[in-house]
Amino acid sequence: MESIRVFAGDCTVRFEGSRDRVQRGRVVVVAKPDRTVLVHDISGYQPVAWLTRADSLTVESGPNSFGLVARAGDQLLTVESHDSARRSEYPASEAGVPVGSHPDTGEPLVRTGGSVVGLDSGVEFSLPTGATVLDSTCADCGLPTMRVERGAAFEVCVDWKCDPLDDHVKDRFDGEWDCPDCGSPLRIIRRGGRLLAGCDSYPACETAFSLPAGVVVDDCDCGLPIFETGRGQRCLDSTCEFA
């Protein structure tokens with residue numbers, strides 16, 4: 001797991017670049033895993049000096065001192081401690097919305113970005129677009145469940161290996177619609193990381209449509225289904241002039 005390093009002490013801070021300055025004070029320096037460096041003094045929430053996602057970051061430390069150099073292009077941030085300096089290191093992760101705990105390890109699980117992650121081990125379960133993590137847990141493995149709309153609403157485990165979303169969508173919609181180009185059934189397949197309704201006559205017919213995040217609410221004049229999505233109604237064929 002990645003970690004955040006924290007340094008504290010009487011330091012001279014130099015910044016060279018868009019806002020040249022030299023400062024000295026008893027400060028706290030935070031160095032994040034992405035090489036962002038923040039220097040805080042006693043006042044306010046705004047750091048007195050910072051460099052975001054430095055190209056390089058080096059740290060030298062002794063029993064009671066440290067020196068830090070961060071560089072990003074033509075900007076340079078240096079922090080040099082004088083006396084009674086301290087440093088420590090802490091495991092760190094992204095912060096997210098709590099969604100329960102891992103049934104095997106007991107570690108907290110949070111939703112952050114497009115994943116559910118464990119705060120201790122870093123275990124990660126990627127979520128499909130538009131998924132909502134539910135309060136319920138999987139009857140088979142104990143992990144949280146999620147609600148996903150792909151033609152219909154499905155409640156499945158966040159662990160794709162435990163309860164594959166693709167299987168549920170196939171059971172419901174495989175062969176449900178016909179290819180508008182050749183009349184063959186459209187099969188539910190995964191290709192290139194996307195869930196598709198693809199022509200059964202492939203490769204002779206290469207027609208395929210990506211399944212949007214939404215539920216089927218009607219039939220389009222072209223013969224394909226209409227989906228209700230977060231952006232309104234649309235045909236399965238995104239190029240269709242449905243209105």
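Over the ring of which residue does the charged end of Arg-19 sit, 4.2 Å from its centre? I began my notebook with this question, and I keep in mind that the model is predicted.

**Entry on Arg-19.** I found that the charged end of Arg-19 sits over the ring of Trp-50, at 4.2 Å from the ring centre. I then looked up Phe-15 and noted that the charged end of Arg-19 sits over this ring too, again 4.2 Å from its centre.

**Entry on the aromatic rings.** I counted three aromatic pairs by the rule I used. One of them joins Phe-173 and Trp-177, which are stacked, with 5.1 Å from centre to centre and 20 degrees between the planes. Another joins Trp-177 and Phe-227, and I wrote this pair down as edge-to-face, with 6.4 Å between the centres and 65 degrees between the planes. Since Trp-177 lies in the loop between α1 and β16 while Phe-227 lies in strand β20 (residues 225-229), the pair ties together parts that are 50 residues apart in sequence. I also checked burial: Phe-173 and Trp-177 are buried, and Phe-227 is buried as well. Ring pairs link Phe-173, Trp-177 and Phe-227 into a cluster.

**Entry on Ser-184.** I placed Ser-184 in the loop between α1 (165-173) and β16 (186-191). Is Ser-184 buried or exposed? I noted a relative accessible area of 15% for Ser-184, which therefore counts as buried, the cut-off being under 20%. Leaving aside residues up to four places away in sequence, I listed what Ser-184 touches, including Trp-177, Asp-178, Cys-179 and Cys-199. Its side chain makes a polar contact with the side chain of Ser-201, at 2.6 Å.

Key
Residues are numbered from 1 along each chain as its sequence is written. This is a predicted model: local features need pLDDT of at least 70, side-chain atom pairs count only at pLDDT 80 or more; totals for chains, interfaces and linings use all residues. Side-chain values use heavy atoms; hydrogens and water are left out. Helices (H or I, at least four residues) and strands (E, at least two) are DSSP runs, numbered from the N terminus. Buried means under 20% relative accessible area, exposed over 50%, partly exposed in between (1.4 Å probe, protein chains only). A polar contact is a pair of N or O atoms within 3.5 Å; within protein, one must be able to donate a hydrogen and the other to accept it, and residues adjacent in sequence count only if both atoms are side-chain atoms. Contact means heavy atoms within 4.5 Å. Rings of Phe, Tyr and Trp (its six-membered ring) pair if their centres lie within 6.5 Å; planes under 30 degrees apart count as stacked, over 60 as edge-to-face and the rest as tilted. A charge sits over a ring if NZ of Lys or CZ of Arg is within 6 Å of the ring centre and within 35 degrees of the ring normal.
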